[in-house]
Amino acid sequence: MAIIQVLDHATIDKIAAGEVVERPASIAKELVENAIDAGAKAITVEIKEGGISFLRVTDNGGGIPKDQVEIAFLRHATSKIRQESDLDFIETLGFRGEALASIAAVSMVEMVTKVADDLTGTRYVIEGGVPAEKEEIGAPEGTTIIVRNVFYNVPARKKFLKKPMTEGAYISDMMEHMAMSHAEISFRFIVNNQVKFSTPGNGNLKEVIYRIYGKEFSDNMKDIRFSVPSLGMDVTGYIGTPGLNRSNRNHQLFYINQRFIRSNLFSKALEEGYRNYMMQHRFPVCVLHIFFTPGQVDVNVHPTKMEVRISNGEAVYSAFAAQSAGCLSEREMIPKVILTEE
Ligand code: ADP
Ligand code: MG
């Protein structure tokens, strides 16, 4: 008979890492989320070779105290929740305590971090889940993480990575989504030593949209704002004029409590609002921030999938459809047809 055994930690970590780390973009996303959760006001992401050989995230957030750096890399180690009941009131992007452990399990990681109260920082190196170096080092306040050689120890996974161009494009999309999720944070994205975009971090979402999608796009975005107190829902952001449509839904950006999500519910509701203004197979664009009071949405669905569960789905749908239609019917949205005399 086959013997049943509990797997060793290294194996468990590698298996579990597969859930969180699918590609360099998932690593970048987790690290940027950590930087946001750490209260950073400026975040720089730099990649080479699509993030496969080199990915660096620098933030000026709170940093990690010396004696906790190693703990941060343990699975299920988090500073963000303490107990089960906290799951209903998550206000941070992370809470599972899995990202650093997973990333370190499948790559070579170097972290330099310093908290405000300390004079010096810590440099910590962990490769394939195995701690390699730890030393005191001079450093600015905040955290820098360098991830090298993603999946170097998981050849089966590495084989499925796409070309650096494509992996880089995934990171680029993620960075754009992140920048628009937090207009109050200054983001900078560097690809092969070239700055792709940077945002001012002054809280002006329209300006972020302009920096990322350009003038024509941002000029055709109209602000929308409404609340539905009975649903505990507040919405603010921008929707495109009907002329600014797309052949797919890639430019329909929804954020719930500043977390980027994909949602059929919101997409369909938005499109319902545009029904009278748009041709078939064309899709409206939007950058919408939806704020729910705690308890109305469940973000604890899947570690990486950008799905959420929303209570009162139907009421949310109707409110969205009605409000976007209402916003569009305001005069200036619809190009006027001027009839000239013959
Ligand atoms: P989670 O984000 O779910 O808590 P992670 O594995 O991503 O789990 O991170 C573990 C812990 O390490 C975090 O809870 C946080 O305390 C700390 N940490 C990670 N990244 C940073 C960072 N950039 N700045 C400050 N602390 C961080
Ligand atoms: Mg995290």
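What is the relative accessible area of Asn-192?

Tutor: Some ground rules come first. This is a predicted model, in which local features need pLDDT of at least 70, side-chain atom pairs count only at pLDDT 80 or more, and totals for chains, interfaces and linings use all residues. Residues are numbered from 1 along each chain as its sequence is written, chains are lettered from A and ligands numbered from 1 in the order written, and side-chain values use heavy atoms, without hydrogens or water.

Now your residue. Asn-192 has a relative accessible area of 48%, so it counts as partly exposed. The scale is simple: buried is under 20% relative accessible area, exposed is over 50%, and partly exposed is in between, with a 1.4 Å probe and protein chains only. Asn-192 sits in the loop between strand 7 (186-191) and strand 8 (194-198). Helices (H or I, at least four residues) and strands (E, at least two) are DSSP runs, numbered from the N terminus. The backbone of Asn-192 deserves a look. Its phi is positive, about 45 degrees, although Asn-192 is not a glycine. Most residues other than glycine have a negative phi.

At a relative accessible area of 34%, Asn-257 is partly exposed.

Other loops hold buried residues. Thr-241 is in the loop between strand 10 and strand 11. Its relative accessibility is 15%, so Thr-241 counts as buried. Along the chain, Thr-241 and Pro-284 are 43 residues apart, yet their C-alpha atoms are separated by 7.8 Å. Phe-95 has its place in the loop between helix 3 and helix 4 (99-105). It is buried because its relative accessibility is 7%. From Phe-95 to Leu-253 the C-alpha distance is 23 Å, and the two are 158 residues apart in sequence.

Arg-249 lies in the loop between strand 10 (233-240) and strand 11 (252-256), and Glu-271 in helix 9 (residues 264-273), so the pair ties together parts that are 22 residues apart in sequence. A salt bridge here is a side-chain nitrogen of Lys or Arg within 4 Å of a carboxyl oxygen of Asp or Glu.

The whole structure has 16 salt bridges. One joins the side chains of Asp-118 and Lys-66, at 3.9 Å from N to O. This pair links distant parts of the chain, 52 residues apart: Asp-118 is in the loop between strand 3 (108-114) and strand 4 (121-127), and Lys-66 in the loop between strand 2 (54-59) and helix 3 (69-72). Asp-118 is partly exposed at 28%, and Lys-66 is partly exposed at 26%. Another salt bridge joins Arg-23 and Glu-22, with the closest N and O atoms 3.9 Å apart. Arg-23 is buried, at a relative accessible area of 15%. Some salt bridges form a network, which links Glu-110, Arg-123, Glu-133, Glu-135 and Arg-148.

Next, the ligand. Ligand 1 has 18 residues around it, and Asn-34, Thr-78, Ser-79, Lys-80 and Gly-97 come nearest. Being near takes one heavy atom within 4 Å. A polar side-chain atom of Ser-79 is 2.5 Å from an oxygen atom of ligand 1. For Asn-34, a polar side-chain atom is 2.8 Å from an oxygen atom of the ligand. Ala-99 uses a backbone N or O atom, 3.2 Å from an oxygen atom of ligand 1. The protein covers 92% of the 540 Å² of accessible area that ligand 1 has on its own.

Where does Ile-12 lie? Ile-12 is in helix 1 (residues 9-20). At 32% relative accessibility, it counts as partly exposed.

Conventions:
Polar contact = N/O pair within 3.5 Å; in protein donor to acceptor, adjacent residues only side chain to side chain. Areas by Shrake-Rupley, 256 points an atom, 1.4 Å probe, with all protein chains shown as cover.
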